[in-house]
Amino acid sequence: MKKLYMLKYFISIFLIINSLNILSQDNNIMDTIPVQTTYGIKIGIDISKQIRMLTEPNYKGLVISGDYRILERLFIAAEFGSEEKKVTNEVLDFNTKGNFLKIGVNYNVYNNRKGMDNEIYVGFRYSLGNFEHKLNSYTIYDLDHYWNQNTVNDISDFKNLTASWFELILGFNAEVFNNTFMGISLRLNRLLNQERPENFSNLYIPGFNKVLEENNFGVGISYSIFYQIPIYKRNRKIK
């Protein structure tokens, strides 16, 4: 009876070890399953501009953006847009409008699981802008006459102005439907150079936003919707 008990014991141990070995082999097989990554072009629109148009009657803007995957985690990205804004305060009344182009790359730091194609990325853009200002009026303050300030309604045009800046980006894109993505990005802008008009300042540059005296930095945020046009797929291994 004792030998029979020992035999059953060893058989049980053998079966447990064998089961663990089979399970380990299955896990190794699953770890090396080839998964297809879609390579294609994403084209989208920055809906933050349309939201801003609803809250700011004196603003109009449109930005079309896109990217193309060249490596599993690396994307070439570009944005093209235009903005038009009227600025009115106690000193100035002027209109600004212009176009801009941004080119750069995104690098996805997120390790997707099987069946996922989301992105948490860092990126940069080199940006060029061409714009113009129309000064409608300005106020000359006289400290001796508080109530009757001198408002000058002299219309001046400042055309063919240019600027360039650099953008550092932290963003997130999530695939909400098949080949349809929604994303958000935070941007830190650094103005590189600007063409200043005579007797006026670039208080707003389309694509860059507000320009502050003695400060070449700015910030921005965008909300985007993309549709991906698949071109081909490539196998990759997941772990």
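**Values against cut-offs**

Q: Why is E56 called partly exposed?
A: The model is a predicted one. In it, E56 has a relative accessible area of 26%. Buried means under 20% and exposed means over 50%, so a residue in between is partly exposed. E56 is therefore partly exposed.

Q: What makes E56 and K85 a salt bridge?
A: Their side chains meet at 3.0 Å, N to O. The cut-off is a Lys or Arg nitrogen within 4 Å of a carboxyl oxygen of Asp or Glu, so the pair qualifies. E56 sits in the loop between α2 and β2, and K85 in strand β3. They are 29 residues apart, so the pair links distant parts of the chain.

Q: Is K85 buried or exposed, and how do you know?
A: The relative accessible area of K85 is 14%. Buried means under 20%, so K85 is buried.

Q: What is the bridge partner of K85 in β4?
A: The partner is T96.

Q: What makes β3 and β4 a pair of strands?
A: At least two bridges are needed, and 15 join strand β3 (residues 74–88) to strand β4 (residues 92–108), so they pair. The two run antiparallel. A hairpin of three residues joins β3 to β4.

Q: Why does the contact of R52 with E83 count as a salt bridge?
A: The closest N and O atoms are 3.9 Å apart. The limit is within 4 Å, so the pair counts. R52 lies in helix α2 (residues 47–55) and E83 in strand β3, 31 residues apart.

Q: Why is E83 called buried?
A: E83 has 3% relative accessibility. The cut-off is under 20%, so E83 counts as buried.

Q: Which residues are linked with E83 in a network of salt bridges?
A: K49, R52, E56 and K85 are linked with E83 in that network. A search of the whole structure finds twelve salt bridges.

Q: How do you know that K42 and D67 form a salt bridge?
A: Their closest N and O atoms are 3.0 Å apart. That is within 4 Å, so the pair qualifies. K42 is in strand β1 (residues 34–46) and D67 in strand β2 (residues 59–69), 25 residues apart.

Q: Are K42 and D67 buried or exposed?
A: K42 has a relative accessible area of 1%, and D67 has 5%. Buried means under 20%. So K42 is buried, and so is D67.

Q: What makes the contact of N136 and N95 a polar contact?
A: A distance of 2.8 Å joins the two side chains. The limit for N or O atoms is within 3.5 Å, so the pair counts. N136 is in strand β5 and, at 17% relative accessibility, counts as buried.

Q: Which residues touch the most other members of the largest nonpolar core?
A: W165, L191 and I205 do, in a core of 16 residues. β4, β5 and β7 give two or more residues to this core. β7 gives the most, with four.

Definitions and conventions: Residues numbered from 1 in each chain as written. Predicted model: local features only at pLDDT ≥ 70, side-chain atom pairs only at ≥ 80, totals over all residues. Heavy atoms only, no water. Buried < 20%, exposed > 50% of the residue type's maximum accessible area, 1.4 Å probe, protein only. Polar contact = N/O pair within 3.5 Å; in protein donor to acceptor, adjacent residues only side chain to side chain. Core = buried A, V, L, I, M, F, W, Y, C linked by side-chain atoms within 4.5 Å.
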